[in-house]
Amino acid sequence: MGRGNLWKVVLLLGFAASSLAQKTQLQAHLEHLDGVRNPMAPSDEPRLEARRYIKDKFRELGLQVYGHTFRTVLKPLYDELTVSGENIIGVAAGAEGSPVMVVGADYDTPLQSLPLEDNGAGVAALLEVARHYMHETGAEGSFERLNTVIFVAFDLNVKAYGNNHPGKPGSYNFLHQFLWPYINETSNNFAGAIILDSISKFSTKSNSQYVVQEFSDAFPKASSAIANSHNTGDFLAMFTREDSRSIGLANKFTANYEKDRKAQMFRLQSMPVRDGLSFVGVLEMFNHQSHYPFWSFRPSEKLVPLPALLLTDTDVYRMSQDVCDRPCTPAAFLTRGREAFITKTIEAVTNTLLNLQTERLPVTSASGGLGVTTPLFLIACVTVISGIIR
Ligand SMILES: *[C@@H]1O[C@H](CO)[C@@H](O)[C@H](O)[C@H]1NC(C)=O
């Protein structure tokens with residue numbers, strides 16, 4: 001191989017690397033999610049911008065888009081304040097009467113928050129899961145959509161704003177007003193929800209994970225696993241309710257998270273919440289996230305708990321290894337480590353949806369189910385090799 005060809009190889013390898021790096025659009029999404037998105041903020045524009053962006057993206061992907069408007073009540077100081085919100089819903093319809101799965105993330109923020117972390121990363125991941133799912137079940141994909149998947153970005157999670165605001169959060173309104181009628185008011189038509197809430201913090205340092213006493217009491221197994229790894233915050237936490245349907249969903253997700261080698265960089269830590277005493281102990285820690293209305297669903301007097309997983313980095317209970325100085329830009333925020341951690345979650349959620357809601361198409365010579373990134377990589381390799389041969 002002459003010197004000219006060597007340079008060609010170097011250039012083309014660079015091209016291959018950059019085309020692989022472009023496989024996620026996380027940063028592009030985060031550019032639209034970096035402001036405080038709260039109706040009590042000086043400007044409501046960041047929340048409205050996020051809303052427009054999510055709708056546009058859902059439409060681009062070919063989802064049926066619904067804006068579900070609702071009202072809720074805040075109590076900033078002494079007086080109650082009614083505000084209106086809009087959950088953004090994108091439906092990937094399957095066959096009639098098929099069990100529905102939901103993937104959701106809050107797109108609003110508390111007033112005092114890091115908007116990229118809480119929960120810009122979760123929303124960006126939601127958009128990426130939707131994009132991969134629609135690609136894999138689209139004209140060029142290897143899967144056929146059998147069962148319906150609903151992607152939803154929730155507005156106004158007032159339970160996360162502190163101060164005990166009296167209103168109901170967006171996920172509660174979505175569940176009661178949109179989902180329950182959609183599934184014809186029977187939980188048999190529901191396969192479960194996966195909620196992405198604060199999924200970007202991780203650390204390989206000891207004592208980056210805070211374990212308070214209530215937590216160890218409620219999750220003895222998880223706590224000893226965390227203690228065994230010197231309280232290292234290198235895991236994604238999965239909160240699940242201990243009923244058979246939630247456990248089934250949790251097992252599927254676990255299998256997908258732990259499937260390939262990359263998983264060994266991060267752990268998945270299951271946090272099964274018993275519907276008993278321990279439940280009370282940790283209620284305060286994890287009842288403000290959007291999975292909770294599913295667990296505590298009461299369409300009438302009777303409790304009808306719906307299967308739902310909460311995926312989270314545990315938020316205030318973890319110190320991130322990558323510090324992002326304020327003002328924290330999306331480019332500075334999306335370090336390689338953060339991107340890897342978030343991408344792992346995106347892949348595991350997407351594959352869980354493909355497992356549960358689709359069927360793999362018979363393999364033809366063109367579609368071998370090589371996964372999302374492989375075609376790009378193959379094109380790059382072929383280009384490189386033909387460069388060498390020439
Ligand atoms: C609800 O019932 C309608 C009418 O029978 C049917 O078309 C639809 O597929 C059902 N939805 C689900 C999720 O089962």
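Colleague: How many nonpolar, polar and charged residues does the shell around the ligand have in this predicted model?

Modeller: By class, the shell has two nonpolar, three polar and one charged residues. The residues surrounding the ligand are Glu96, Gly97, Tyr182, Ile183, Asn184 and Asn189.

Colleague: Which atoms of Gly97 and Asn184 lie by an oxygen atom of the ligand?

Modeller: For Gly97, a backbone N or O atom, at 2.9 Å. For Asn184, an N or O atom in the side chain, at 2.3 Å. The protein covers 57% of the 360 Å² of accessible area that the ligand has on its own.

Colleague: Why is helix H8 called oblique to helix H12?

Modeller: H8 (residues 244-257) and H12 (residues 336-357) pack at an angle of about 125 degrees, with their axes 8 Å apart. Roughly perpendicular ends at 115 degrees and roughly antiparallel starts over 145, so H8 is oblique to H12. Their crossing is right-handed.

Colleague: Where are the cis peptide bonds that join Asp118 to Asn119 and Arg326 to Pro327?

Modeller: Omega is about 10 degrees for the bond between Asp118 and Asn119, and Asn119 is in helix H4 (residues 116-136). For Arg326 and Pro327, omega is about -5 degrees; Pro327 is in the loop between strand S9 (308-312) and helix H11 (330-333).

Note on methods. Residues numbered from 1 in each chain as written. Predicted model: local features only at pLDDT ≥ 70, side-chain atom pairs only at ≥ 80, totals over all residues. Heavy atoms only, no water. Near = heavy atom within 4 Å. Polar contact = N/O pair within 3.5 Å; in protein donor to acceptor, adjacent residues only side chain to side chain. Areas by Shrake-Rupley, 256 points an atom, 1.4 Å probe, with all protein chains shown as cover. Nonpolar A, V, L, I, M, F, W, Y, C, P; charged D, E, K, R; others polar. Axes fitted to C-alpha atoms, helices over the stretch in contact; angles between N-to-C directions. Helix = DSSP H or I, 4+ residues; strand = E, 2+ residues; numbered from the N terminus. Parallel < 35°, antiparallel > 145°, perpendicular 65-115°, else oblique. Left-handed = near helix turned anticlockwise from the far one by under 90°.
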